[in-house]
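Have the sequence and the model open as you read.

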Amino acid sequence: MTGLEQLQRFMLRAVTHPDGVERGCAAAADEGLLPDGASALADVIPGNDRLTPEEQLGIYAFAYVDRIVEVLAGQFSATTWLLDDGDAVLRAYLADVPSRTWTLDRVGDGLPDWLAQAAGAASRGIGEDAATMRAAADIARVELAMDAVWDEPFADPVAHEVLAAIPPEEWGDLRVQPIPALRLLALSHAVTPAMNAARDEVPAELPSEEAAWMCVYRGGGSRWRFPLDREQHALFAALASGATLGEALHTTAALEGVDLERLVGELGEWFRAWFGSGLFASVG
Amino acid sequence: MSTNRFGLPDLGVGVGLRMPHFDRVRQAPVRVDFFEIISENFMATEGRPMRVLEDVRRDHPVVMHGVSLSIGSTDPLDRDYLRQLKALADRIDVAWMGDHVCWTGVGGHNGHDLYPVPYTEESLRHVVERIKVVQGLMGRPLVLENPSTYLTFAADEMPEIEWIARMAEEADCALLLDVNNVYVTCRNHCLDPMEYLAGVPWDRVVQNHLAGHTDHGTHCIDTHDDFVCDAVWDLYAWVQQRTGGTATLIEWDGDIPAFEVLEGEADKARERRP
């Protein structure tokens, strides 16, 4: 390790340590990162007559934690709304899953899985119970998807009239592709009421643990979400994977307890609503 | 008119293209000469930010200014990041591109901050070599900005501006002189800003930055969330007279005000240009 690398590792360890600069410096020293010839922090960072070395490092430490937690809190506003102490949870996440990406936008990618496993929470004395953490994980998945659709390319949506003009007997062979700015989610909590509560800034109830499905998309310059039922999700997911409408119907009909007649009967209304929301980019 | 050795133009006075102003800059004429983007905000999106950027580019020059190059880090250069950076620069046909004299992480761990480089011979060799590699990949000179720093290292072997001047000379890169950073760094380390400016290799300066900072008494933080202070305006006026006119950007990244406020700051900058 060069002297420069050693110095950089020392400083980064000091300013990103979850328990503060003093502990960070001690940990860095324990890990042999104190630069050659230095026996104390002042041998590395002299400070000045107004700020000690610890205070100078503290400026960077403050920026690290607070800036990233602020970004995460903005990205996961509904997730943290559900939690008693979202700030503490995000700090614990950052401590357990430090950023390894050049963009702040991706720092939160691991949050849903981390919440689901409640990793590190107990050891850091976080007061959230496991059920809340698991529900928060599902909300975080939705919020990650809402971020993802924001950055997808634009595509001109196909009007419902295009589909309606195709004779019904040809529908079985149709391939209907969704716009890129769309995500389908299969969740284990009914998160819509809690997310609406966060949006409206009213207290959120703990989402019930049950299978739930959701569509997230960008339309008209905004991001939207709406719940799907099991059959709608199965059909939509099959279409999104490239299946023909006939194949998608077959896949959906194979689900346990599906009434094929009802499914076919409702299909027209589903498509009318979905096309009306601009969710499809091609029909052919 | 160009006063730098790279022949890069004086673009006038610009502002940063920030999301709260997306609608405003598309809906009505703006009283600014160019826009600067934070490169990373547009590198991984095909959504609305890219649409706005392409619209803006049709009517104005755009320069790219990044925060994640980490030119001072001892980690290997991130080739995927560099590929995306170049793709954006080519797509937007930017007037120039750059980043900061700093490092942002090490050992694969990113701190998402602009950490200071120790001003040593070792770090100088390291950074010069990396700048050459990046400039080769980008096919254009890098425009690197002097940082705001909040600490110094015992290992420092020379003043910051001497190190930066040697870096620019040995790597043959361009400089972005952030006048607010000069002020903040000099306040934090009890230096004389005019002595700092005396060491600037002016023929390599292609752009100035101006911003507000937060004065905590014991130290200043480069917060980009306020008006440019009088002391920085005075330094800026001196710099502009010294260079004969350099492209200038008003930075405002926190508590972002109405676009008209930025236009007002741009007007103040114009009044101080030769």
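Which residues in helix 2 of chain B meet helix 3 of chain B? Met50(B), Leu53(B), Glu54(B) and Arg57(B) do, and across from them in helix 3 of chain B sit Leu88(B), Arg91(B) and Ile92(B); contact here means heavy atoms within 4.5 Å.

## Ground rules

This is a predicted model, where local features need pLDDT of at least 70, side-chain atom pairs count only at pLDDT 80 or more, and totals for chains, interfaces and linings use all residues. Residues are numbered from 1 along each chain as its sequence is written, chains are lettered from A and ligands numbered from 1 in the order in which they are written, and side-chain values use heavy atoms, with hydrogens and water left out.

## Chain B: helices 2 and 3

Back to that pair. Helix 2 (residues 48-59) of chain B packs on helix 3 (residues 79-92) of chain B at about 40 degrees, and their axes are 10 Å apart. Helices here are DSSP runs (H or I, at least four residues), numbered from the N terminus. The two are therefore oblique to each other; that label goes to angles left over once under 35 degrees (roughly parallel), over 145 (roughly antiparallel) and 65 to 115 (roughly perpendicular) are taken out.

The contact residues split into 4 nonpolar, no polar and 3 charged. Nonpolar covers Ala, Val, Leu, Ile, Met, Phe, Trp, Tyr, Cys and Pro, charged covers Asp, Glu, Lys and Arg, and the others, Gly among them, are polar.

## Chain B: helices 6 and 8

Helix 6 (residues 179-188) of chain B and helix 8 (residues 230-243) of chain B pack at about 125 degrees, axes 9 Å apart. That makes helix 6 of chain B oblique to helix 8 of chain B.

Val179(B), Asn180(B) and Tyr183(B) from helix 6 of chain B touch Ala231(B), Val232(B), Leu235(B), Tyr236(B) and Val239(B) from helix 8 of chain B. The tally for this contact is 7 nonpolar, 1 polar and no charged.

## Chain A: helix 2

In helix 2 (residues 21-30) of chain A, the buried residues (under 20% relative accessible area; exposed is over 50%, partly exposed in between, 1.4 Å probe, protein chains only) are Val21(A), Gly24(A), Cys25(A), Ala27(A) and Ala28(A). They span an arc of only 165 degrees around the axis, which puts them on the same side of the helix; the arc is taken from the directions from the helix axis to the C-beta atoms.

That buried set packs against helix 1 (3-16) and helix 3 (53-75) of chain A. Turned away from the buried side are the exposed Glu22(A), Arg23(A) and Asp30(A). After helix 2 of chain A comes Gly32(A), with a positive phi near 75 degrees.

Methods
Axes are lines fitted to C-alpha atoms, for helices over the stretch in contact, and angles run from 0 to 180 degrees between N-to-C directions.
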